[in-house]
Amino acid sequence: MKRMMADQAMVRKLSACETMGSATVICTDKTGTLTLNQMTVTKCCVGFEETTKHDFSRNLVELFYQGVAFNTTGTIYKPKSGSSLEYSGSPTEKAILSWAVQDLGMDIDILKQNYTVLQVETFNSDKKRSGVSIKNNISEKNIIYVHWKGAAEMVLALCSSYYELTGEIKTMSDEKRSQFENIIQGMAASSLRCIAFAYKQIEDDNSISKKNLKNEEDLTLLGIVGMKDPCRPGARKAIQSCRAAGVDIKMITGDNIFTAKAIAAECGILESNNQAALPGEVIEGVEFRNYTDEERAEKVDIIRVMARSSPLDKLLMVRCLKQKGHVVAVTGDGTNDAPALKEADVGLSMGIQGTEVAKESSDIVILDDDFSSVATVLLWGRCVYNNIQKFIQFQLTVNVAALVINFIAAVSAGNVPLTTVQLLWVNLIMDTLGALALATERPSKELMHNPPVGRIEPLITNIMWRNILTQALYQISVLLVLQFKGRSMLGVDEKTKNTIIFNTFVMCQVFNEFNSRSLEKKNVFKGVLRNKLFVGIIAVTVVLQAVMVELLKKFADTVRLSFAEWGVCLAIAAVTWPIGWLVKFVPVGKKPVFSYLKLLRCGSKT
């Protein structure tokens, strides 16, 4: 866990590490995870003109001031020292406030003195907009200004007129609306998040003042701003790494479909340019929501990008993927993401932008909010799973060999070569030191070249059974030969023979521990010196075994061995290395061994 903390991942539930190694799908947010979450306004369109000087009419500027200053969850702080202004809030709010202050010359203190806020409607993930109604304290006219800000295409649909750069108001015809839609699509295709500002004036009437935000029709479009949020530098490489590992990446975002496609193409989620997405790869949340359960199950594997999505859409996707047998990991940072984070097999919350509710609902917290760290967590997950398999292979070899040797010796000769104390000693050092040695192996990039394990794959694979049975068979054969022919072959007494069997058995496990460092790789010594803990544990195990044999004779029921006898023990044990190398040339089938037993059982019943 400490090592994962160094890689920007705080594990809240230990089991999540192993589960993450089996993940087949990662559903990720866009903003802040695939992108830097550093919004800046790069385009502003008023009417059909793109302006950078912002030299529009005074009346239009005042309306922008109102829409930005009061329809926001961000704040502007002016330090008394006279240093630069400080902006707080979401990246989107900070970008808009900064643009209004620096480019439009907005003074929020004066605006707060001149206007009173009457009603506020916070941002709604379904409507994709927020609203505010205000009244001028200075003007004698009883007029209420209602301002809306939100997803450009959704705000545009509510507008019946629009402002031109000169300050003139024009009627919104179908042709003009189509032109605005083309502008929005063009900005979105350039990876810009499009936010539209619109307003309307209402006569101050006490009977309707409390309902002025309910009337959202006949708005006047003030303008559209486009904000750029650059992709994280390592996002594309991390996505390629995950996909090479057989893990499907799906991007779920609230942005419009054109922005989502552009970012997905930039990050590598869509393989080619954003105009060449295959049918069904990119959809909107409302479309996914309206599918029947059968349609959803049929199409969910094809989907790579879901735009204009709500937290419910994310939850539906997670449930659908799990029903299809996928192991699902989900990223989330908002309070509304909590249900999806809990429903997923592994919930990944964001440490910087994430809310406390999201963190409490997650299994792992990504401390730097970067998708590259998600890919690192996947690598660590595979490493943990792989280390568990290594230890199981190692431990089963020990147990199978010890059980068979003692059983055969007891049945045939009436006495056992390995005493109770010796077996307890073997279990003590192999269960603790052996587990520690194999569990400290660091992740290697080669783990990302293997396909994901998935939900139904057996923990003990055919490759493991091949390695276990080969090593166990060798140990059983050698030790049984020593049991029945050892006295005559080595010219020793009964007690010395039993001590040699005990010592050889332990040394076989020490040498086989090297074989267990890799289930498939033939070179098991690669990188062994970099793992100082592994080398140290092997040395401690050998020293403790020597103490057990040479010094604790009465306790262990052993006798001292000569250098020649130690040489025999080490020579027999060392043969496990070439056997471990040779057996890895033997191919094994992918179908689990126990599946054949099920077929035999079914055949016998019929």
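This section describes the strands, helices, cores and selected residues of a predicted model.

The account starts with an open sheet. Eight strands form this sheet, in the order E1-E19-E18-E17-E2-E14-E16-E15. The pairing is mixed. Strand E1 (9-11) and strand E15 (282-284) are the edge strands, and each pairs on one side only. From one strand to the next, the twist averages 20°. In general, strands of a sheet pair through backbone hydrogen bonds, either parallel or antiparallel.

Several pairings within the sheet can be followed residue by residue. E15 pairs with strand E16 (residues 305-307) in the parallel sense, over three bridges. Here Glu284 stands opposite Ala307 of E16. E14 and E16 also run parallel, joined by two bridges. Met251 has Val305 in E16 as its bridge partner. On E2, the link to E14 consists of four bridges, and these two strands run parallel. Thr28 stands opposite Met251 in E14.

Helix H12 (residues 311-323) packs on it. H12 touches strand E2 (25-28), strand E14 (248-252), E16 and strand E17 (328-332). The direction of H12 makes about 165° with that of E17. Helix H15 (residues 371-413) lies across E1, E2, E14, E17, strand E18 (346-350) and strand E19 (364-366). H15 runs at about 145° to E19.

Attention now turns to the nonpolar cores. In soluble globular proteins, nonpolar side chains tend to be buried together. The largest nonpolar core in this model has 44 residues. Met20, Ile26, Leu348 and Phe371 touch the most other members. H15 gives the most to this core, with eight residues. Contacts of Phe371 beyond four places in sequence include Ile26, Thr28, Thr33 and Leu34. Arg232, Ala235, Ala238, Ile239, Cys242 and Ile249 are also in contact with Phe371. A second, separate core holds 43 residues, among them Leu433, Met507, Phe534 and Ile538.

Gln389 is also placed in helix H15. The relative accessibility of Gln389 is 8%, under the 20% limit, so this residue counts as buried. Not counting residues up to four places away in sequence, Gln389 touches Leu459, Thr461, Met464 and Leu519.

Another set of strands pairs in the antiparallel sense. Strand E8 (residues 129-136) and E9 run antiparallel and are joined by seven bridges. Gly131 has Trp148 in E9 as its bridge partner. Nine bridges join E9 to strand E12 (residues 192-203), again with an antiparallel run. For Ile144, the bridge partner in E12 is Ile202. Strand E9 (residues 143-151) has nine of its nine residues buried, so it is largely enclosed by the rest of the structure.

Asn37 lies in a loop, between E2 and strand E3 (40-46). With a relative accessible area of 13%, under the 20% limit, Asn37 is buried. Leaving aside neighbours within four places in sequence, Asn37 is in contact with Thr31, Gly32, Pro91, Asp229 and Gln353.

Helix H3 (residues 58-69) contains 12 residues. From its first C-alpha to its last, H3 reaches 16 Å. That is close to the 16 Å expected at 1.5 Å a residue. H3 is mostly covered, with 10 of its 12 residues buried. The buried residues are Leu60, Val61, Glu62, Leu63, Phe64, Tyr65, Gln66, Gly67, Val68 and Ala69.

Two packed helices are described by the angle between their axes and the distance between the axes. The axes of helix H21 (residues 563-574) and helix H22 (residues 576-583) come within 5 Å. They cross at roughly 5°. Angles under 35 degrees count as roughly parallel, so H21 is roughly parallel to H22. At their meeting point, Ile572, Ala573 and Ala574 in H21 meet Thr576, Trp577 and Pro578 in H22.

Definitions and conventions
Residues are numbered from 1 along each chain as its sequence is written. This is a predicted model: local features need pLDDT of at least 70, side-chain atom pairs count only at pLDDT 80 or more; totals for chains, interfaces and linings use all residues. Side-chain values use heavy atoms; hydrogens and water are left out. Two strands pair if DSSP finds at least two bridges between them. Axes are lines fitted to C-alpha atoms, for helices over the stretch in contact, and angles run from 0 to 180 degrees between N-to-C directions. Contact means heavy atoms within 4.5 Å. The expected span of a helix is 1.5 Å times one less than its number of residues. Buried means under 20% relative accessible area, exposed over 50%, partly exposed in between (1.4 Å probe, protein chains only). A nonpolar core is a set of buried Ala, Val, Leu, Ile, Met, Phe, Trp, Tyr and Cys residues joined through side-chain atoms within 4.5 Å. Angles under 35 degrees count as roughly parallel, over 145 as roughly antiparallel, 65 to 115 as roughly perpendicular and the rest as oblique.
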